Amino acid sequence: MSFFTILILSTLAATVYTSGNYGDIKKVPTTGASCATAKQDKLKDCGVEASKKLAQNDLRRINKYKSIILSVAKQKKIDPSIIAGIMSRESRGGSILKNGWGDHYNGFGLMQVDKRYHTPKGTWDSETHIAQAVDIFISTYNQIEKKFPGRSKEIILKGAIAGYNTGAGNVRDINDVDRRTTGKDYGNDTAARAQFFKSNGY
């Protein structure tokens, strides 16, 4: 197989993986991470630049799961960068978990499926786990879309990211999606991290 054939196939694969039904992550307006979130990595910057640095610090860990992220993204027709962004925010690519658990043993796996509301599936770092988490995200997106009809997919996308953290019912103002999220920046920070991953192979 020639180099050019491989290049064409790789390009086609990337097109398939990045074609999603939930808006263009690059067009999502975001203010990025709060200063409190930025302090996790002792960053002096806040906002979008802090989110990018947090994601950069997680990139090597997230890359370990790239093949299964892309697989789930293709199956679920979702942009893989959204999965990577949530994984970075929720578990720092798994680095903060203990035996696959976080949040006082309530959150399971790389994407922190909450056992209080869902029955976790698969092992903590498996494709099964990621697929379950993405299904939860898609359900949240659909709820937010019904709740705020007529808004752009990108605005709904940020609301859905916030809702993944706090529940769709707690996203009460689509113009202020983070009012009830962890750190009051989850939707904005995670969207900015996803934008970083979008620019780095996802």
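Reader: Is Cys46 buried, exposed or partly exposed?

Author: Buried means under 20% relative accessible area, exposed over 50%, and partly exposed in between, with a 1.4 Å probe and protein chains only. Cys46 is partly exposed, at a relative accessible area of 33%. Cys35 is partly exposed as well, at 41%. This is a predicted model, in which local features need pLDDT of at least 70, side-chain atom pairs count only at pLDDT 80 or more, and totals for chains, interfaces and linings use all residues. Residues are numbered from 1 along each chain as its sequence is written, and side-chain values use heavy atoms, with hydrogens and water left out.

Reader: What joins Cys35 to Cys46?

Author: A disulfide is a covalent bond between the sulfur atoms of two cysteines. Here it is assigned to a pair of cysteine sulfur atoms within 2.5 Å. By this rule the count comes to one disulfide. The disulfide joins Cys35 to Cys46, with S to S at 1.9 Å. Cys35 lies in helix α2 (residues 35-38) and Cys46 in the loop between α2 and α3 (47-63), so the pair ties together parts that are 11 residues apart in sequence. The torsion about the S-S bond is about 110 degrees, so the disulfide is right-handed.

Reader: Why is helix α8 described as largely enclosed?

Author: In α8 (residues 186-198), 13 of the 13 residues are buried, so the helix is largely enclosed by the rest of the structure.

Reader: Where does Ser88 lie, and which residues is Ser88 in contact with?

Author: Contact means heavy atoms within 4.5 Å. Ser88 lies in helix α5 (residues 80-91) and is buried, with a relative accessible area of 0%. Leaving aside neighbours within four places in sequence, Ser88 is in contact with residues including Leu54, Asp58, Arg193 and Phe197.

Notes:
Helices (H or I, at least four residues) and strands (E, at least two) are DSSP runs, numbered from the N terminus. The expected span of a helix is 1.5 Å times one less than its number of residues.
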